Amino acid sequence: MIDNEKRFIQVEQCVLNQLLGRDGAFDMVSDVIIAEDFEAERHRVIYQAVSDLAINSKPYDQVMVMDLLEERKQLNEDCCPPGYFAQMSLVPSITFNSLRNHAQLVKSRSIRRQSIAQLMYGVQKLEEGNNQTIEVNNEVMSAIANLEVGDTDNSCARVGDLMGGMIERIAAARDGVSNFIATGFPELDNLMMIDAGNLIVVAARPSMGKTALVMNWLSHIAKYREGEAVFFSVEMPQEQVMDRLASAEAQVELTSIRKGQLSTDEWARMQRFISDQESMPLTIVDEKDISIAKIRTHLNRIKRESGGKLSAIGVDYLQIMGGLDGQYKIDNIGKVTRTLKALGHDFGCPVFLLSQLSRDVEKRPSKRPIMSDLRDSGTIEQDADIIAFVYRNDYYEQKEKGCSAKLDGSAEIIIAKSRNGPTGTVRLGFEGQYVRFANYVPMIGDLDDIPEYGS
């Protein structure tokens, strides 16, 4: 028993060692544990100091934590001895990626201790003999159940309790208030009907504009919805993403921005963009080989620093994220898509995940994508709420015919899967010089009929 107690104290020490040694570690565990979850009092005061420093956007390394404990008169033999930090560093180390799992062990142990305390309280109340047995049992069982699900759990609700909200949503929709998240493309929005927590996979072959489309969506959401939008760019550095955003929003050709050769009118539009969107709540995270754990860490930090709410998340793109190599690649992709979907629920916002299509598309006479073209498609197809393909006939026309190609500047957004509504195809304009899509497209001759999905 003593050895078991020592083992759990060591787990707490391992968690604190990682917190004191790694920037961003607190965000990985802040939604799992609180100070009271630690068994040792000295661990509780250390974690509380880490938490208070992190919430105030201050470093929480050993020096800063010891300084705060000394300020609070907690750095002493009765509470937390100064030499304890050196003693703590002698325990076996854990990896940063396993930090969250160890924090969950601390939480599990905390729930066990609190459950035992509640049971002992029940025994004491029953032994007093003055209490109704059923009332004591219900009190204890309710307290233990709350420990397991948390005080703010809302995952269970009776149909009758949900009825009022449903009627309000129907009435709001009847009065013209949208029940879904708008992306700036009304025809497409009416087909996709995106909800908070949805995982939307946007897939295409290279150069089709999938990054541009998702950036268009995120910038619209950032401007018109409460909260911070976050774009994880695994492929492009922040500077390139920013150039593309400015080109799309200011309607200044990307090549002009890259060369620094803007006309007087373009400078005026650029200055208007800078003035209007300087405080745009859109964060760009540029990190190569990013893992799902690091994405969660960034999101926790951004959420805390931006007022406690996220409006949308974009990840560009799935197949080049970290940890997907090796013989278990398909299983790992499944873990990523499931976790991203869970993150959407946790943060209460949609997640836009970009994905590549297989080269098999290029071998067919018709290059329009179908579901089986998704690389490692089994898990992606299963986990996604919406799957949207981007197809531009112009791209293939130019590839085959060069300068003689007949171009119409259109793109097809093919909704191949939708849990919220029907599948179908919406035609948008593609303004490649501005790296953006647009709603208006002139219909030309035989291009008026948009092909059905899968044809």
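Tutor: Start with Met371, which sits in the loop between β5 (351-356) and α16 (377-383). Keep in mind that this is a predicted model.

Student: Why does Met371 count as buried?

Tutor: Its relative accessibility is 15%. Buried means under 20%. Met371 is below that cut-off, so it counts as buried.

Student: How far apart are Met371 and Ala388 in sequence and in space?

Tutor: They are 17 residues apart in sequence. From C-alpha to C-alpha, the distance is 9.7 Å.

Student: Now Leu340. Where is Leu340 found?

Tutor: Leu340 belongs to helix α15 (residues 329-347).

Student: What makes Leu340 buried?

Tutor: Its relative accessibility is 0%. The limit is under 20%, so Leu340 counts as buried.

Student: Which residues does Leu340 touch, leaving out those up to four places away in sequence?

Tutor: Leu199, Ile292, Ile295, Val315, Val351 and Leu353. Take Ile295: Leu340 is 45 residues from Ile295 in sequence, yet their C-alpha atoms are 9.1 Å apart.

Student: Asp27 is a charged residue. Is Asp27 buried or exposed?

Tutor: Buried. Asp27 lies in helix α2 (residues 25-29). Beyond residues up to four places away in sequence, Asp27 touches Thr297, Asn300, Arg301 and Arg304.

Student: Why is Met193 called partly exposed?

Tutor: Met193 has a relative accessible area of 24%. Partly exposed is the range between the buried limit of 20% and the exposed limit of 50%, so Met193 falls inside it. Met193 is in the loop between α9 (186-192) and β1 (199-204). Its phi is positive, about 50 degrees, although Met193 is not a glycine.

Student: What makes Gln251 partly exposed?

Tutor: The value is 32% relative accessible area. That too lies between 20% and 50%, so Gln251 is partly exposed. Gln251 is in the loop between α11 and α12 (254-259). Gln251 has a positive phi of about 55 degrees and is not a glycine.

Student: What makes α10 roughly perpendicular to α11?

Tutor: α10 and α11 pack at about 70 degrees, with axes 11 Å apart. The range is 65 to 115 degrees, so α10 is roughly perpendicular to α11. Met215, Asn216, Ser219 and Lys223 of α10 meet Val241, Leu245, Ala248 and Glu249 of α11. These divide into four nonpolar, two polar and two charged residues.

Student: Which members of the largest nonpolar core touch the most other members?

Tutor: Trp217 and Phe437, in a core of 85 residues. Helix α10 (residues 210-224) gives the most to this core, with eight residues. Apart from it lies another core, of 37 residues, including Leu20, Ala35, Ile46 and Leu68.

Student: How do you know that Cys79 is in no disulfide?

Tutor: The structure holds zero disulfides. For Cys79, the nearest cysteine sulfur belongs to Cys80, 6.5 Å away.

Student: Why do Cys79 and Cys349 count as buried?

Tutor: Cys79 has 11% relative accessibility, under 20%, so it is buried. Cys349 has 1%, so it is buried by that cut-off too.

Student: And the chain as a whole: how many helices and strands are there?

Tutor: There are 17 helices and nine strands. Of the 455 residues, 45% count as buried. Among contacts with a separation of 6 or more, 69% join residues 24 or more positions apart.

Notes
Residues numbered from 1 in each chain as written. Predicted model: local features only at pLDDT ≥ 70, side-chain atom pairs only at ≥ 80, totals over all residues. Heavy atoms only, no water. Core = buried A, V, L, I, M, F, W, Y, C linked by side-chain atoms within 4.5 Å. Buried < 20%, exposed > 50% of the residue type's maximum accessible area, 1.4 Å probe, protein only. Helix = DSSP H or I, 4+ residues; strand = E, 2+ residues; numbered from the N terminus. Axes fitted to C-alpha atoms, helices over the stretch in contact; angles between N-to-C directions. Parallel < 35°, antiparallel > 145°, perpendicular 65-115°, else oblique. Contact = heavy atoms within 4.5 Å. Disulfide = S-S within 2.5 Å.
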